[in-house]
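Dear colleague,

Please find below the structure that I am handing over to you. A summary of the findings follows it.

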Amino acid sequence: MNIGITKLKAFLQDESGVTAIEYGILAAAMAAAIGAIFGSDGVFVTALTDKFRQIADQISGSGTSAPGSITSK
């Protein structure tokens, strides 16, 4: 009977299984965060697309003359 109680106490104090579960939860959380950030509708991708669109608009509009600028006649 004493051996059963000793084994039960050892089982309850063993935390190696808990550590593996914690690593699994951490990996799942990181995968979800990476998916949210770099996904097709993610915040990072949307901000990057908007910035490139602004730069492209500025480049394509740079060849036009601004109001009040000197033009050759």
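**Findings**

Of the 73 residues in the protein, 3% are buried (buried means under 20% relative accessible area, exposed over 50%, and partly exposed in between, with a 1.4 Å probe and protein chains only). The model is predicted: local features need pLDDT of at least 70, side-chain atom pairs count only at pLDDT 80 or more, and totals for chains, interfaces and linings use all residues. Residues are numbered from 1 along each chain as its sequence is written, and side-chain values use heavy atoms, with hydrogens and water left out.

The protein has three helices and zero strands (DSSP runs numbered from the N terminus, helices being H or I of at least four residues and strands E of at least two).

I34, I37, F38, F44, L48, F52, I55 and I59 make a nonpolar surface patch of about 800 Å². Two elements, α2 (16-38) and α3 (43-60), each give two or more residues to this patch. Helix α3 supplies the largest share, five residues. Within helix α3 lies F52, which is exposed at a relative accessible area of 54%.

F38 is exposed at 51%, whereas F44 is partly exposed at 42% relative accessibility.

Notes: Patches are made of residues with over 30% relative accessible area and no salt bridge: like charges are joined within 9 Å, nonpolar side chains (Val, Leu, Ile, Met, Phe, Trp, Tyr) within 5 Å. Accessible areas come from the Shrake-Rupley method with a 1.4 Å probe; for residues, only the protein chains shown count as cover. A salt bridge is a side-chain nitrogen of Lys or Arg within 4 Å of a carboxyl oxygen of Asp or Glu.
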